[in-house]
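Biologist: I have not worked with this entry before. Please show me how to read what its parts do where they meet.

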Amino acid sequence: MVGIVSYGTYIPRYRIVVDEIARIWGEDAEVVKRGLGVEQKSVPGLDEDTATIAVECAREALRRAKIDPKKIGAVFVGSESHPYVVKPTGTVVAEALGVGNEYFCADLEFACKAGTAGIQICYAMVKAGMIDYGVAIGADTSQSRPGDALEFTASAGGACFIIGRNCIAEIEGTFSFTSDTPDFWRREGQPYPSHGGRFTGQPAYFRHIFMATKGLLEKLGLKPSDFNYVVFHQPNAKFPMRVAKMLGFGKEQVRTGLVVPYIGNTYSGSSLIGLASVLDVAKPGERILVTSYGSGAGSDSFSFVVTDKIEEFERNPTVLDKIRECEFIDYGTYVKFMRKIRR
Amino acid sequence: MLPKFWRKIRFRYGLIGSYCENCGNYYYPPRNLCPRCRRKGKVKEVQFSGYGRVLSWSVVHDAVENFWISKPYVVALIELDEGARIIAPLDCNPREIEEGMRVRAVFRKFGEDGEEGIIHYGTKFVPIG
Amino acid sequence: MRVAVIGVGCSKFGELWEMGFRDIMISAGVEALEDANLEGKEIEAIYVGNMSAGRYVGQEHIASLIADYSGLADLHIPCVRVEAGDASGGVALRQAYMAVASGMHDVVIAAGAEKVTDVPNAVEILSSCADVEWEVFNGANLPALYAMIARMHMRRYGTKEEDLAMVSVKNHKNATLNPKAMFRREIDLETALNSPYVAEPLRLFDCSPICDGASVVILASEDVARKYTDTPIYIEACTQASDYLALQSRRDITTMDSVVQASRKAYKIAGIDPKDVDVVEVHDSFTIAEIIAYEDLGFVEKGRGAELVREGVTMLDGEIPVNPSGGLKAFGHAVGATGIRQAVEIVLQLRGDAGKRQVDAEMGLSLNVGGTGGTAVVTVFSR
C-alpha cells in the first residue's frame, strides 16, 4: 500500500485584498471579486521565497510523521518560481531537513502541476522499491505583471507530501493527460509570465482537467459519486466549480478543498494545499479525487483512499488555521515585498 | 565569500550546534573545543529543537546592508531550550515582544551576494502561538 | 622597571577630509615628540594600535609606513602594529608598557591611528569587531548588540532611557571645553531623548561617532624619564583581559567580565581601591557602556551605575569625573586611536595641563574596550 505518509503546508502570513489591487489599477473590485470568486491572496514576506516555503511545509510534514530524515530517498520541489534558474531548490530543502547526502533530487517545473508531478515520481520510486520515502513539494511565490489580471490571484504558499508505505491515504491510481498547449508561459530572462487570456480556459484548463479526471475514473471504474471530496487546480474559484459540474461532481464535494478565495492561486501549491485541507478533516475510508493543472499543458489526476492511520495522525495546525492567521498589507507594501520596486 | 558561507550551511539551515558529553553544556554556534572542559571535553554535534525564549532584543533602525530592506527589524538574544544562546533575527511585530516570550526556529532568507550571487538562507525565529 | 609617560600628542578628532592616514598619524606624533622634548633618535620601538587600515584605507603593513613617515626609517627600529578591534590602542599601550617594564627598551612610542572617512561603510567595518559570522550576519551590528545589553540592564536594574541620555549630555558638555573634540556643542536632555532610534532602546545620541584621529604617548623607563620631563606621569598598572567574542556566549550580558577582571588585577598591582581613583576615561562607545563601566570598574555596585550619572558623581565637578575629555561620544571615536587618546587625557589631567576641563586629580584610570567586551584594557596612572 503506497500513498501519503504525511503532509505539511505553509502559507505566508501576509494578505492583500482584491479591493486594494483594484483601487490602484482603476478596476471595479466587486466585478473582479464576482468574476474570480477570490477575496484576497497571500503574499510572501521579504525573507521568504520558494525554498523557504518548501522547507517550512516539509518540516511540518516530517514533524508530523516522526520520520528520521535520513530515511528519505528522494526530494522533488516543483515550482515555477525557483529562486535560481540554475541550481536546485531541492538541495537547499534537503539540507535544511537533514536528509544527509544519500538521496536523489531534482527540481521540477510544469507551471502549476510541478508538485503533483513530484508525487507521481515518488509514488513510482516507492512502488519500484527504489526508496522508502520520497518528498514531493509544490511551492511558489508566483509573479504577476503589475496591473495584469493575474495580479489579483498570483500568490504564495506550498505543500509537502511524503510518499511511502504505511500511509494515511493510499494512492488508488493516477492518470495524466498532457499536450503542447501554450496558454501561459515565461520566457528566459523575463520577470513576469505572459498568458493567452481567455485561451487559458476551454482548450487549456478545462480540456486537460476534464480528460485526466475522466481517464482516471475510467481506469479505476469509479464514478463521481464514489468520492467524498474532489480537488481541482484552483486559479480562481470559478474554474474548479465549473469543471466539477462538467464532470458530474457536486458543489459540496468541491467546497472543503477550495482554498483559493482566501489565499489566491499558490500555483504549484494550489491543488496540493486544497488536498491538505481535505486531509485535515477526512475520515478513514473516505475517497478523495485530486486533479492538478499545469499550463503548457497537462493534468495529473489521483484517487486517494484515507486509511485508519489518519486517526492518530497530528493534523494541527490545519490549513484553515493558517488561512486565518494573517496580516493585511497595502499595495505599496505588496510591491516592496514582491520586489516589484527596486532600490 | 562563497566557500565561507557554504562551509557553515548545515549549522545555519538546521540549527546544529555542539554538546559536550563531559560537562553537559550546549553551544551555538558549534565549537571545536568545550570552553569549560578544554582538552577533557568531548564535543559532539547536536541538532537543537529550535525552541527557546527571548532574553533581550532590539528593534534595529540603522540596518546592516543585507537587512536594509527589512528595516526596522528585530534581533533577539534567545535562550534555546537546551541552554545555548543565540543572537538571531526575530520576525514579529516589535510591539508584541516580551521578555521570556516563547519562540521557534523558522527557515528564512538572509540576503544574497548581490543580484548575481548566491542566496543566503538561515534560521530566524517567530513567536509561538 | 617603573614606566613613565614623558610626552603626549593628539590630532584633532573628526571628519578630517584634508588629511590622509599618514598626515593624521604624523600630526599626533610630532606633537608628542615636542611635548617630550625628544629629537627622535631616542625612540627604540613603536607600537601602533590600528583596527582596520586594510579595509579603511586599503593599506596594510602600516607599522613600516609609520616608521617611514615619522622620519624614523633610518633608525631601523622595530615597529609593531597591534589589532584588537576598537581596543587596539589600549593593547598597543600595554605592549609598549611591557617593552619598557621588562627592561627591553628605555624609550618607546605607543600610538593609535585610524582614518575612517575615506570609505562609505565605516560603521559596517567597525561592526566587524563583533562576531561577523554569528552576530553581524544575523543582523546584529554593534548598536544592536549594545541595545540588547541596554534593554536587559534597564529591565533588570531599572536603568532608564533618561539615564543613558544624561551620559550623553554630560560628555557633550565636557567636550565643549576640549579644543580637539569632534562635537564641541552642548546638548540638552530633550535633544538626546528626541533623537531617532538607531537600535531600540539606543538613540542617535547614545552612539559615539566613528571618526578620524590619531594619538601618541611616549613611554620611558623611570631611570631616563627625568632626563626629558619634570612632570612624568607613572603607569602603575596596565592590564588586559579577554572574553567570548560574541555576546551570545557571555555569562551575563549586563556585565563585562573582561572589564571586571582587568580592573581588579590593575587595582591589585597598583595597590589601590576604586575609590582612590580621581579621574577616569571609559569606553562610552554607547552610553550604556559608560554606565556598565561604572559598575564593572567597581565605582558602584552592579545595577546601580545609573545613580552615578543621575547624582552628578561623574560630572566634571563630581566626586569621580568620568570622561572629562568628552569621551567617545563627544570627543569622537577614532577606533584604534581611542585607547591612546584616553591615556593622553588622563596624562594631561594628572599633569595639570587639561585647560578648562582640568580636575583635581592624583590618580587616573582609563578603560578601553574592544567590541562588546571581548577585550578590555585598564591602565592606572599616577603623578
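Modeller: Between domain 1 and domain 2 of chain A, 30 residue pairs are in polar contact, both at pLDDT 80 or more. A polar contact is a pair of N or O atoms within 3.5 Å; within protein, one must be able to donate a hydrogen and the other to accept it, and residues adjacent in sequence count only if both atoms are side-chain atoms. The model is predicted, local features need pLDDT of at least 70, side-chain atom pairs count only at pLDDT 80 or more, and totals for chains, interfaces and linings use all residues. Residues are numbered from 1 along each chain as its sequence is written, chains are lettered from A and ligands numbered from 1 in the order in which they are written, and side-chain values use heavy atoms, with hydrogens and water left out.

Biologist: Into which domains is chain A divided?

Modeller: Domain bounds come from an automatic or database domain assignment. Here domain 1 covers 2-168 + 314-337, and domain 2 covers 169-310.

Biologist: How is the size of an interface often given?

Modeller: As the accessible area lost when the parts come together. Buried area is computed with a 1.4 Å probe and summed over both parts. Domain 1 and domain 2 of chain A bury about 4500 Å², with 61% from carbon and sulfur atoms. A:Cys112, A:Ile168 and A:Arg315 supply 16% of the area that domain 1 buries against domain 2, more than any other three residues.

Biologist: How many salt bridges are counted between the two domains of chain A?

Modeller: A salt bridge needs a side-chain nitrogen of Lys or Arg within 4 Å of a carboxyl oxygen of Asp or Glu. The count between domain 1 and domain 2 is 1. A:Asp300 and A:Lys113 form a salt bridge, with their closest N and O atoms 3.0 Å apart.

Biologist: Is A:Asp300 buried or exposed?

Modeller: Buried means under 20% relative accessible area, exposed over 50%, and partly exposed in between (1.4 Å probe, protein chains only). A:Asp300 counts as buried because its relative accessibility is 1%. The side chain of A:Asp300 also makes a polar contact of 2.7 Å with that of A:Ser176.

Biologist: What does chain A do with chain B?

Modeller: Contact means heavy atoms within 4.5 Å. The contact takes 22 residues from chain A and 20 residues from chain B. Together the chains bury about 1900 Å², 49% of it on carbon and sulfur atoms. Across this interface there are 5 salt bridges. A:Asp47 and B:Lys124 meet in a salt bridge of 2.8 Å, N to O.

Terms used. Buried area = accessible area lost by both parts, 1.4 Å probe.
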